[in-house]
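This report describes the fold of a single protein chain.

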Amino acid sequence: TDWRQCAVSGSHLGKAEFAAEGAQGEVLRAMWKTSIKVAIKKNLNPSADNEDEMKLFVDLHHPHVVACYGLLNEEHEGRLITSIVTERCTTSLEAFLDDHDKWKDKTDDELDMTKYTILLHVSLGLQKLHDMNVLHRDIKGGNVLVDVRQGVAKLGDFGLAKARDEMSKSLGRGSSKPGQTKGTATHWAPELLDSDTVTPYS
């Protein structure tokens with residue numbers, strides 16, 4: 001799919017409301033074509049670029065990867081802002097696990113089944129990425145989204161994702177060493193903290 005042809009018209013979007021703060025901007029929620037719930041990832045950082053993310057995201061069609069509907073181009077403070085429009089899930093895994101009211105009446109077997117289901121769904125989503133030679137590089141509770149009604153977990157936020165070939169070239173140039181690593185430090189592979197020897201899988 002040519003990512004440049006995947007455009008979402010602002011005229012088809014309902015009123016957007018603030019949903020969350022992101023590392024490079026904000027996430028909004030809206031309705032698309034009157035019936036489809038969407039999230040709009042809007043980068044407000046002048047140095048941020050959604051195009052690289054979109055190139056990887058557009059072909060990742062899988063039940064356990066958040067669906068990408070296209071790019072939305074808007075003017076903001078005199079410059080063009082490109083946002084990514086995706087399907088909107090109920091919540092993040094992080095918020096889902098923190099909502100203790102959901103868990104207090106569950107049996108141990110029900111809790112175990114929920115955990116195993118989420119692990120399976122995340123693993124299937126990751127397998128799809130790796131089959132497409134894409135490395136996510138920021139797997140954490142906030143980037144795993146949960147559709148509570150359907151009982152489905154999905155990988156989202158591909159802002160740090162890279163093609164495996166590109167990562168291999170970076171490693172050859174010595175650009176992926178401690179202190180230069182992207183992602184969330186508390187979720188890094190252990191070898192990234194104390195070793196110069198890393199691989200694309202790290």
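**Overall composition.** The model is predicted. Its secondary structure amounts to five helices and 10 strands. The protein has 202 residues, of which 33% count as buried. When contacts between residues at least 6 apart in sequence are considered, 55% of them join residues at least 24 apart.

**The five-stranded sheet.** Five strands make up an open sheet in the order β1-β2-β3-β5-β4, and their pairing is antiparallel. Strands β1 (17–21) and β4 (68–76) stand at the edges; each has a single partner strand, so one side of each lacks a neighbour in the sheet. On average, and with direction ignored, neighbouring strands of this sheet are turned by 30 degrees against each other. Within the sheet, β2 (residues 25–32) runs antiparallel to β3 (residues 36–43). In this pair, Trp32 has Ile36 of β3 as its bridge partner.

| Strand pair | Sense | Bridges |
|---|---|---|
| β2 and β3 | antiparallel | eight |
| β6 and β8 | antiparallel | two |
| β8 and β9 | antiparallel | four |

Toward β9, Leu145 stands opposite Lys154. Four residues lie between β8 and β9, which form a hairpin, and Gly151 in the turn has a positive phi of about 65 degrees.

**Val152.** Strand β9 (residues 152–155) contains Val152. Is this residue, Val152, buried or exposed? Its relative accessibility is 15%, and Val152 therefore counts as buried, the cut-off being under 20%. Apart from neighbours within four places in sequence, Val152 is in contact with Pro63, His64, His121, Leu145, Val146 and Asp147. Val152 and Cys89 are 63 residues apart along the chain, and their C-alpha atoms are separated by 9.3 Å.

**The second largest pocket.** This pocket holds about 220 Å³ of space. Which residues line the second largest pocket? The lining consists of Ile36, Lys37, Glu87, Arg88, Cys89, Thr90, Asp147, Arg149 and Gln150. By class, the lining divides into five charged, two polar and two nonpolar residues. Among the lining residues is Ile36, the bridge partner of Trp32. Asp147 also belongs to the lining and is in contact with Val152.

Technical notes
Residues numbered from 1 in each chain as written. Predicted model: local features only at pLDDT ≥ 70, side-chain atom pairs only at ≥ 80, totals over all residues. Heavy atoms only, no water. Pairing = 2+ DSSP bridges. Axes fitted to C-alpha atoms, helices over the stretch in contact; angles between N-to-C directions. 1 Å grid on protein atoms, 1.4 Å probe; cavity = no way out; pocket = protein on both sides within 12 Å on 5 of 7 lines; lining within 4 Å. Points joined across faces, edges and corners; volume = space filled by probe spheres on them. Nonpolar A, V, L, I, M, F, W, Y, C, P; charged D, E, K, R; others polar. Buried < 20%, exposed > 50% of the residue type's maximum accessible area, 1.4 Å probe, protein only. Contact = heavy atoms within 4.5 Å.
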